[in-house]
Amino acid sequence: MTSDEMFDSGRSADSGRPDQVKKEAGFRKTGDQAISETPLHSRRKSRRIMVGSVPVGGGAPISVQSMTNTVTADINATLQQIAELAAAGCDIVRVAVPSQDDADALPIITKKSPIPVIADIHFQSRYVFQAIDAGCAAVRVNPGNIRKFDQVGPDICKAATEAGISLRIGVNAGSLDKDIYAKYGGPTPEALVESAMKEARMFEDVGFHDFKISVKHHDPITMVQTYRLLASKGDWPLHLGVTEAGPAWQGTIKSCLAFGALLSEGIGDTIRVSLSAPPVEEVKVGCKILEYLGLRQRHFDIISCPSCGRAQVDVIQLAREVTEGLKDITAPIRVAVMGCIVNGPGEAREADLGVASGNGKGQIIIKGKVVQTVPEDQIVPTLLERARAIAADMEAKAAAEGETISDMGPTVVPVTGTAS
């Protein structure tokens, strides 16, 4: 069976996405796949690997990753956080394994996790083998800081091959090889790429190809330049990330800029938004980036006008209350919250549900038709009630067709042109 056939066999007949991909002993999980297009650019052609049931590369849907911030040895806390991440739309989760207690917790975590688990391992090669034996879907290893990697590397590749799992390798600006750092005078794009390719050769020289590469930097411009350069050097699947991006607002901006630039060029196969914030916030940002780039089915979305002198209601507060009230909605409903009659009626007409506000009241608009006029203090409760009714109707129709509209998994964008 080829990787394409295996990918297809793991798709749900109704949803068209990989739900369960069965392991086969000794199966090499790389392969080629017809390229799915973004609306902006042809996808870069990369080879396919698998992270558990999630395909990465080869035109597969771009997956969203995050990392738990619990002590992995605290199994209940870690599984609870994984469940929250999965509910928010996370496709793959990484857990830290800095100690023996953490490694010992992996068998239970991997068995009970609803999404594939990657073990994040540094320094101790024995934890890599434990993670593989524990059933982890993949292992993140840094050859540069694994002790005696030149000796244990081939054994790691052999164990991963026999278990049918993939690896993630790569370099961050803060962990660049000191000789390469000196050669280039810092973590330049050329330095990061040379380091990553050096690591790739370590694996490829022993015949192992089931890995993806990351070359992260905290500066979005350097990060974009680095991934562009690496993408031109080979067909490895690429894991995108702006490392140490900062607090939520700052890191979100950096990630949107960098991911937007690369994904709009077809570069990138899986993403992780790195924020100094709860991990679930990383997933929310990552999912929305993909949604707004047309790379994942869009879910609840709010359109609201900026605050200006024409507004006759407090648009900021109105939008905040509607967003908070509908935060659990996963149906692809678009709600427009508008503060005046200039753009309000037109914008609301383009949404599933909207309100055009003014003169102490709001016109509730559904699919372009005014269905109700309510006092200003009833705008929010009315919108929430109407939105939930529309969402419930969408879910009922999806269920009647054998689909699940609240499924947060990635969606392949149909090919709209010829891939280059």
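The model is predicted, so local features need pLDDT of at least 70 and side-chain atom pairs count only at pLDDT 80 or more, while totals for chains, interfaces and linings use all residues. Residues are numbered from 1 along each chain as its sequence is written, and side-chain values use heavy atoms, with hydrogens and water left out.

Select Lys284, Lys288, Phe300, Lys327 and Ile329, which, of the 27 residues lining the largest pocket, are the closest to its centre. The volume of this pocket is about 820 Å³. (On a 1 Å grid over the protein atoms alone, a pocket is an open set of points where a 1.4 Å probe fits, with protein on both sides within 12 Å along at least five of seven lines, and lining residues have an atom within 4 Å of a point; the volume is the space filled by probe spheres set on the points, which are joined across faces, edges and corners.)

Next, colour domain 1 (49–293) and domain 2 (301–402): both give residues to the lining, so the largest pocket lies between them. These bounds come from an automatic or database domain assignment. Then pick out α10 (279–292), which gives the most to this lining, with nine residues.

Finally, show helix α4 (residues 125–133) and helix α5 (residues 149–163), whose axes come within 10 Å and cross at roughly 5°. The two are therefore roughly parallel to each other (angles under 35 degrees count as such).

Technical notes: Helices (H or I, at least four residues) and strands (E, at least two) are DSSP runs, numbered from the N terminus. Axes are lines fitted to C-alpha atoms, for helices over the stretch in contact, and angles run from 0 to 180 degrees between N-to-C directions. Angles under 35 degrees count as roughly parallel, over 145 as roughly antiparallel, 65 to 115 as roughly perpendicular and the rest as oblique.
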